[in-house]
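Hi,

Here is the structure I promised to pass on. Have a look at it first, and my notes on the ligand site and the cavity follow below.

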Amino acid sequence: MTTRTIERTSKKLWFAAIKPPMYSVAIMPIWVGSAVAFAETHQFNASIFFTFLISAILILAWENFSNDVFDSETGADVNKKNSLVNMTGNKSLIFWISNLCLAAGLLGISTIAARQQDFTVIGLILLCCGIGYIYQGPPFRLSYKGLGEILCFFAFGPLAFAATYYSQTKAWSNTSLAASIVVGIATSLILFCSHFNQVKDDAAIGKRSPVVRLGTKRSAQLLPWICGSLYALTTLFVILKVFPVWTLLIFLSLPVARKLCKFIGSQHDQPQKLTFCRLIAVELHFWSGLLLGLGFMLTQLV
Ligand SMILES: C/C(=C\COP(=O)(O)OP(=O)(O)O)CCC[C@H](C)CCC[C@H](C)CCCC(C)C
Ligand SMILES: O=C(O)C1=CC(=O)c2ccccc2C1=O
(Lines give C-alpha, C1' and ligand atoms only; values in the text may rest on other atoms or scores of the structure.)
(Ligands and ions follow the chains in the order given, each with its own letter.)
Protein backbone atom coordinates (compact mmCIF):
# COMPACT_ATOMS: atom_id res chain seq x y z
CA MET A 1 0.00 0.00 0.00
CA THR A 2 1.24 3.49 -0.85
CA THR A 3 1.34 6.26 1.74
CA ARG A 4 -1.54 8.01 -0.06
CA THR A 5 -3.72 4.89 0.06
CA ILE A 6 -2.97 4.47 3.76
CA GLU A 7 -3.84 8.13 4.38
CA ARG A 8 -7.09 7.79 2.43
CA THR A 9 -8.08 4.58 4.25
CA SER A 10 -7.30 6.14 7.61
CA LYS A 11 -9.38 9.25 6.74
CA LYS A 12 -12.31 7.00 5.73
CA LEU A 13 -11.98 5.06 8.97
CA TRP A 14 -12.06 8.24 11.08
CA PHE A 15 -15.07 9.47 9.11
CA ALA A 16 -16.84 6.14 9.77
CA ALA A 17 -15.90 6.32 13.45
CA ILE A 18 -17.09 9.88 14.02
CA LYS A 19 -20.10 9.44 11.64
CA PRO A 20 -20.82 13.13 10.80
CA PRO A 21 -24.04 12.39 8.79
CA MET A 22 -25.54 10.64 11.83
CA TYR A 23 -25.67 13.97 13.68
CA SER A 24 -28.70 14.96 11.61
CA VAL A 25 -30.66 12.79 14.08
CA ALA A 26 -29.87 15.38 16.78
CA ILE A 27 -30.66 18.31 14.49
CA MET A 28 -34.05 17.20 13.06
CA PRO A 29 -36.13 17.15 16.28
CA ILE A 30 -34.93 20.69 17.00
CA TRP A 31 -35.59 21.88 13.45
CA VAL A 32 -39.08 20.32 13.18
CA GLY A 33 -40.04 21.09 16.82
CA SER A 34 -39.04 24.74 16.37
CA ALA A 35 -40.85 24.88 13.01
CA VAL A 36 -44.06 23.63 14.68
CA ALA A 37 -43.62 26.26 17.42
CA PHE A 38 -43.12 28.96 14.78
CA ALA A 39 -46.17 27.79 12.77
CA GLU A 40 -48.39 27.78 15.86
CA THR A 41 -47.17 30.82 17.80
CA HIS A 42 -45.10 32.87 15.36
CA GLN A 43 -42.35 32.78 17.99
CA PHE A 44 -38.75 31.90 17.15
CA ASN A 45 -35.85 32.53 19.47
CA ALA A 46 -32.70 32.06 17.37
CA SER A 47 -30.30 32.05 20.30
CA ILE A 48 -32.25 29.29 22.10
CA PHE A 49 -32.47 27.38 18.81
CA PHE A 50 -28.71 27.41 18.19
CA THR A 51 -27.80 26.74 21.83
CA PHE A 52 -30.14 23.73 21.77
CA LEU A 53 -28.70 22.54 18.44
CA ILE A 54 -25.05 22.61 19.56
CA SER A 55 -25.93 21.04 22.92
CA ALA A 56 -27.88 18.23 21.23
CA ILE A 57 -24.93 17.49 18.92
CA LEU A 58 -22.59 17.32 21.94
CA ILE A 59 -25.00 15.00 23.79
CA LEU A 60 -25.22 12.71 20.78
CA ALA A 61 -21.39 12.71 20.57
CA TRP A 62 -21.39 11.48 24.20
CA GLU A 63 -23.84 8.73 23.27
CA ASN A 64 -21.77 7.58 20.31
CA PHE A 65 -18.31 7.82 21.90
CA SER A 66 -19.50 6.05 25.05
CA ASN A 67 -21.19 3.41 22.85
CA ASP A 68 -17.72 2.44 21.61
CA VAL A 69 -16.45 2.36 25.20
CA PHE A 70 -19.29 0.15 26.47
CA ASP A 71 -19.25 -2.12 23.40
CA SER A 72 -15.51 -2.67 23.89
CA GLU A 73 -16.37 -4.22 27.26
CA THR A 74 -18.88 -6.74 25.88
CA GLY A 75 -17.02 -7.88 22.77
CA ALA A 76 -19.70 -6.41 20.47
CA ASP A 77 -17.09 -4.36 18.61
CA VAL A 78 -14.26 -6.92 18.24
CA ASN A 79 -14.64 -6.88 14.45
CA LYS A 80 -15.52 -3.19 14.22
CA LYS A 81 -12.56 -1.43 12.57
CA ASN A 82 -14.19 2.00 12.98
CA SER A 83 -14.65 1.76 16.75
CA LEU A 84 -12.91 4.78 18.33
CA VAL A 85 -11.60 2.52 21.11
CA ASN A 86 -10.13 0.01 18.63
CA MET A 87 -8.64 2.82 16.53
CA THR A 88 -6.96 4.71 19.37
CA GLY A 89 -6.34 1.74 21.66
CA ASN A 90 -7.15 4.16 24.48
CA LYS A 91 -10.49 3.40 26.09
CA SER A 92 -10.12 5.84 28.95
CA LEU A 93 -9.32 8.74 26.59
CA ILE A 94 -12.54 8.09 24.62
CA PHE A 95 -14.45 7.68 27.87
CA TRP A 96 -13.31 11.07 29.17
CA ILE A 97 -13.86 12.85 25.84
CA SER A 98 -17.41 11.45 25.84
CA ASN A 99 -18.01 12.69 29.38
CA LEU A 100 -16.66 16.12 28.43
CA CYS A 101 -19.14 16.27 25.52
CA LEU A 102 -21.99 15.32 27.87
CA ALA A 103 -21.01 17.96 30.43
CA ALA A 104 -20.73 20.67 27.73
CA GLY A 105 -24.07 19.63 26.18
CA LEU A 106 -25.87 19.67 29.51
CA LEU A 107 -24.30 23.03 30.37
CA GLY A 108 -25.73 24.45 27.14
CA ILE A 109 -29.21 23.11 27.94
CA SER A 110 -28.89 24.47 31.50
CA THR A 111 -28.36 27.97 30.13
CA ILE A 112 -31.73 27.63 28.33
CA ALA A 113 -33.35 26.50 31.58
CA ALA A 114 -31.73 29.41 33.44
CA ARG A 115 -33.00 31.91 30.86
CA GLN A 116 -36.50 30.46 31.15
CA GLN A 117 -36.20 30.15 34.94
CA ASP A 118 -37.82 26.78 34.50
CA PHE A 119 -36.30 23.27 34.83
CA THR A 120 -38.66 21.58 32.33
CA VAL A 121 -36.28 21.55 29.36
CA ILE A 122 -33.26 20.28 31.31
CA GLY A 123 -35.49 17.68 32.99
CA LEU A 124 -36.66 16.35 29.62
CA ILE A 125 -33.12 16.26 28.23
CA LEU A 126 -31.86 14.44 31.34
CA LEU A 127 -34.57 11.84 30.64
CA CYS A 128 -33.21 11.51 27.05
CA CYS A 129 -29.71 11.02 28.47
CA GLY A 130 -31.05 8.41 30.90
CA ILE A 131 -32.55 6.58 27.93
CA GLY A 132 -29.22 6.91 26.11
CA TYR A 133 -27.45 5.36 29.09
CA ILE A 134 -29.81 2.41 29.69
CA TYR A 135 -29.60 1.69 25.95
CA GLN A 136 -25.94 0.73 26.21
CA GLY A 137 -24.51 1.13 29.71
CA PRO A 138 -24.15 -1.46 32.49
CA PRO A 139 -26.05 -3.04 34.11
CA PHE A 140 -28.96 -2.32 31.73
CA ARG A 141 -27.65 -2.63 28.13
CA LEU A 142 -31.26 -2.73 26.85
CA SER A 143 -30.09 -2.63 23.21
CA TYR A 144 -28.86 -6.20 23.78
CA LYS A 145 -32.46 -7.20 24.56
CA GLY A 146 -33.77 -5.68 21.33
CA LEU A 147 -35.32 -2.62 22.98
CA GLY A 148 -33.12 -0.04 21.26
CA GLU A 149 -35.63 1.02 18.61
CA ILE A 150 -38.35 1.73 21.20
CA LEU A 151 -35.96 3.75 23.38
CA CYS A 152 -34.71 5.61 20.32
CA PHE A 153 -38.28 6.50 19.32
CA PHE A 154 -39.06 8.10 22.69
CA ALA A 155 -35.72 9.94 23.02
CA PHE A 156 -35.62 11.48 19.52
CA GLY A 157 -39.42 11.67 19.20
CA PRO A 158 -41.78 12.79 22.01
CA LEU A 159 -39.12 13.78 24.59
CA ALA A 160 -36.81 15.75 22.26
CA PHE A 161 -39.81 17.45 20.61
CA ALA A 162 -41.44 18.35 23.92
CA ALA A 163 -38.14 19.87 25.10
CA THR A 164 -37.66 21.81 21.85
CA TYR A 165 -41.22 23.12 21.68
CA TYR A 166 -41.14 24.08 25.36
CA SER A 167 -37.77 25.84 24.93
CA GLN A 168 -39.36 28.13 22.33
CA THR A 169 -42.82 28.64 23.82
CA LYS A 170 -42.98 27.46 27.47
CA ALA A 171 -46.04 25.46 26.43
CA TRP A 172 -47.06 22.04 25.07
CA SER A 173 -48.58 21.12 21.72
CA ASN A 174 -50.51 18.19 20.25
CA THR A 175 -49.19 19.04 16.78
CA SER A 176 -45.64 18.82 18.09
CA LEU A 177 -46.49 15.44 19.65
CA ALA A 178 -47.90 14.22 16.31
CA ALA A 179 -44.80 15.46 14.42
CA SER A 180 -42.60 13.73 17.01
CA ILE A 181 -44.22 10.39 16.10
CA VAL A 182 -43.21 10.79 12.44
CA VAL A 183 -39.63 11.89 13.22
CA GLY A 184 -39.31 9.30 16.02
CA ILE A 185 -40.20 6.49 13.61
CA ALA A 186 -37.73 7.80 10.99
CA THR A 187 -34.99 7.86 13.66
CA SER A 188 -35.70 4.34 14.92
CA LEU A 189 -35.66 3.19 11.31
CA ILE A 190 -31.97 4.22 11.12
CA LEU A 191 -31.17 2.07 14.14
CA PHE A 192 -33.18 -0.84 12.71
CA CYS A 193 -31.30 -0.63 9.40
CA SER A 194 -27.93 -0.39 11.15
CA HIS A 195 -28.50 -3.89 12.54
CA PHE A 196 -28.62 -5.67 9.16
CA ASN A 197 -24.87 -5.78 8.53
CA GLN A 198 -24.10 -6.64 12.17
CA VAL A 199 -26.52 -9.54 12.43
CA LYS A 200 -23.87 -12.28 12.71
CA ASP A 201 -21.66 -10.45 15.23
CA ASP A 202 -24.72 -9.47 17.28
CA ALA A 203 -26.09 -13.02 17.36
CA ALA A 204 -22.65 -14.38 18.31
CA ILE A 205 -22.45 -12.27 21.47
CA GLY A 206 -26.15 -12.74 22.35
CA LYS A 207 -27.26 -9.25 21.28
CA ARG A 208 -30.91 -9.83 20.37
CA SER A 209 -31.48 -6.86 18.03
CA PRO A 210 -34.83 -6.87 16.15
CA VAL A 211 -33.01 -8.10 13.02
CA VAL A 212 -31.48 -10.99 15.00
CA ARG A 213 -34.90 -11.82 16.50
CA LEU A 214 -36.90 -11.62 13.25
CA GLY A 215 -34.23 -12.75 10.79
CA THR A 216 -33.04 -10.63 7.88
CA LYS A 217 -35.81 -11.68 5.46
CA ARG A 218 -38.74 -10.78 7.70
CA SER A 219 -36.96 -7.60 8.83
CA ALA A 220 -36.52 -6.55 5.19
CA GLN A 221 -40.22 -7.28 4.55
CA LEU A 222 -41.11 -4.95 7.42
CA LEU A 223 -39.26 -1.99 5.90
CA PRO A 224 -41.91 -0.85 3.36
CA TRP A 225 -44.46 -0.80 6.21
CA ILE A 226 -42.23 1.29 8.46
CA CYS A 227 -41.39 3.70 5.62
CA GLY A 228 -45.04 3.76 4.51
CA SER A 229 -46.09 4.75 8.03
CA LEU A 230 -44.21 8.06 7.70
CA TYR A 231 -46.37 9.06 4.73
CA ALA A 232 -49.60 7.47 6.00
CA LEU A 233 -49.35 9.24 9.38
CA THR A 234 -48.56 12.60 7.78
CA THR A 235 -51.56 12.24 5.44
CA LEU A 236 -53.77 11.24 8.39
CA PHE A 237 -52.62 14.25 10.43
CA VAL A 238 -53.33 16.55 7.46
CA ILE A 239 -56.84 15.06 7.06
CA LEU A 240 -57.42 15.53 10.82
CA LYS A 241 -56.17 19.13 10.43
CA VAL A 242 -53.40 18.55 12.97
CA PHE A 243 -50.79 19.27 10.26
CA PRO A 244 -50.99 21.99 7.60
CA VAL A 245 -51.35 20.81 4.01
CA TRP A 246 -47.78 21.97 3.22
CA THR A 247 -46.41 19.09 5.31
CA LEU A 248 -47.40 16.79 2.42
CA LEU A 249 -44.07 18.01 0.99
CA ILE A 250 -42.70 15.01 2.89
CA PHE A 251 -43.83 12.89 -0.08
CA LEU A 252 -40.85 14.31 -2.01
CA SER A 253 -38.68 12.00 0.11
CA LEU A 254 -40.52 8.93 -1.22
CA PRO A 255 -37.77 8.01 -3.78
CA VAL A 256 -35.25 7.71 -0.93
CA ALA A 257 -37.65 5.42 0.97
CA ARG A 258 -38.02 3.30 -2.15
CA LYS A 259 -34.22 3.16 -2.61
CA LEU A 260 -33.82 1.97 1.01
CA CYS A 261 -36.45 -0.79 0.72
CA LYS A 262 -35.05 -1.99 -2.62
CA PHE A 263 -31.42 -1.93 -1.46
CA ILE A 264 -32.06 -3.95 1.70
CA GLY A 265 -34.81 -6.12 0.19
CA SER A 266 -32.58 -7.38 -2.61
CA GLN A 267 -29.51 -8.18 -0.49
CA HIS A 268 -30.76 -8.71 3.07
CA ASP A 269 -28.90 -12.02 3.20
CA GLN A 270 -25.55 -10.48 2.22
CA PRO A 271 -24.67 -8.47 5.33
CA GLN A 272 -21.24 -7.43 3.98
CA LYS A 273 -23.04 -5.46 1.25
CA LEU A 274 -25.27 -3.63 3.73
CA THR A 275 -22.59 -1.66 5.60
CA PHE A 276 -23.83 1.58 4.08
CA CYS A 277 -27.58 0.92 4.21
CA ARG A 278 -27.76 2.98 7.42
CA LEU A 279 -26.59 5.96 5.36
CA ILE A 280 -29.64 5.61 3.07
CA ALA A 281 -31.80 5.50 6.20
CA VAL A 282 -30.05 8.67 7.43
CA GLU A 283 -30.76 10.25 4.02
CA LEU A 284 -34.45 9.36 4.36
CA HIS A 285 -34.55 10.74 7.91
CA PHE A 286 -32.84 13.93 6.73
CA TRP A 287 -35.12 14.62 3.75
CA SER A 288 -38.36 13.62 5.47
CA GLY A 289 -37.49 15.79 8.51
CA LEU A 290 -36.30 18.74 6.45
CA LEU A 291 -39.46 18.69 4.29
CA LEU A 292 -41.79 18.22 7.25
CA GLY A 293 -40.23 21.20 9.03
CA LEU A 294 -40.39 23.24 5.82
CA GLY A 295 -44.08 22.38 5.55
CA PHE A 296 -44.70 23.95 8.97
CA MET A 297 -42.56 27.02 8.23
CA LEU A 298 -44.34 27.65 4.91
CA THR A 299 -47.74 27.96 6.61
CA GLN A 300 -46.45 31.16 8.24
CA LEU A 301 -44.30 32.42 5.40
CA VAL A 302 -46.57 31.94 2.37
C1 LIG B 1 -25.50 4.88 19.90
C2 LIG B 1 -26.69 4.54 19.11
C3 LIG B 1 -26.68 3.52 18.26
C4 LIG B 1 -25.52 2.62 18.01
O5 LIG B 1 -25.87 1.36 18.47
P6 LIG B 1 -25.07 0.00 18.18
O7 LIG B 1 -24.32 -0.37 19.38
O8 LIG B 1 -26.04 -0.99 17.67
O9 LIG B 1 -24.17 0.38 16.99
P10 LIG B 1 -22.63 0.35 16.72
O11 LIG B 1 -22.46 -0.70 15.72
O12 LIG B 1 -22.32 1.72 16.17
O13 LIG B 1 -21.87 0.05 17.97
C14 LIG B 1 -27.94 5.35 19.26
C15 LIG B 1 -28.70 5.10 20.50
C16 LIG B 1 -29.85 6.01 20.70
C17 LIG B 1 -30.46 5.91 22.10
C18 LIG B 1 -31.54 4.85 22.16
C19 LIG B 1 -31.04 7.20 22.53
C20 LIG B 1 -30.01 8.31 22.68
C21 LIG B 1 -30.60 9.52 23.25
C22 LIG B 1 -29.67 10.72 23.09
C23 LIG B 1 -28.68 10.79 24.20
C24 LIG B 1 -30.58 11.92 23.10
C25 LIG B 1 -30.12 13.06 22.29
C26 LIG B 1 -31.37 13.80 21.91
C27 LIG B 1 -31.11 15.21 21.59
C28 LIG B 1 -32.11 15.68 20.60
C29 LIG B 1 -31.12 16.05 22.81
O1 LIG C 1 -23.79 4.24 15.02
C2 LIG C 1 -24.95 4.05 14.71
O3 LIG C 1 -25.28 3.10 14.02
C4 LIG C 1 -25.98 4.99 15.19
C5 LIG C 1 -25.60 6.08 15.92
C6 LIG C 1 -26.55 7.00 16.40
O7 LIG C 1 -26.20 7.99 17.06
C8 LIG C 1 -27.93 6.78 16.13
C9 LIG C 1 -28.89 7.67 16.61
C10 LIG C 1 -30.22 7.45 16.34
C11 LIG C 1 -30.61 6.36 15.59
C12 LIG C 1 -29.68 5.46 15.11
C13 LIG C 1 -28.32 5.67 15.39
C14 LIG C 1 -27.34 4.74 14.90
O15 LIG C 1 -27.69 3.75 14.23
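A polar contact here is a pair of N or O atoms within 3.5 Å. By that rule, a polar side-chain atom of Gln-198 lies 2.4 Å from an oxygen atom of ligand 1. The side chain of Tyr-135 has an N or O atom 2.7 Å from a ligand 1 oxygen, and for His-195 the distance is 3.4 Å. The protein covers 96% of the 760 Å² of accessible area that ligand 1 has on its own (Shrake-Rupley method, 1.4 Å probe).

Before you go further: this is a predicted model, where local features need pLDDT of at least 70 and side-chain atom pairs count only at pLDDT 80 or more, while totals for chains, interfaces and linings use all residues. Residues are numbered from 1 along each chain as written, chains are lettered from A and ligands numbered from 1 in written order, and side-chain values use heavy atoms, without hydrogens and water.

Around ligand 1 there are 24 residues (a heavy atom within 4 Å); Asn-67, Asp-71, Lys-80, Tyr-135 and Gln-198 come nearest. Helix α3 (a DSSP run of H or I, at least four residues) gives the most to this shell, with 7 residues. α6 (120-136) and α7 (148-169) each supply at least two.

There is also 1 cavity of 30 Å³ or more, meaning a set of points on a 1 Å grid over the protein atoms alone where a 1.4 Å probe fits but cannot get out.

Best wishes

Notes. A polar contact is a pair of N or O atoms within 3.5 Å; within protein, one must be able to donate a hydrogen and the other to accept it, and residues adjacent in sequence count only if both atoms are side-chain atoms. On a 1 Å grid over the protein atoms alone, a cavity is a set of points where a 1.4 Å probe fits but cannot get out, and a pocket is an open set with protein on both sides within 12 Å along at least five of seven lines; lining residues have an atom within 4 Å of a point. Grid points are joined across faces, edges and corners, and a volume is the space filled by probe spheres set on the points.
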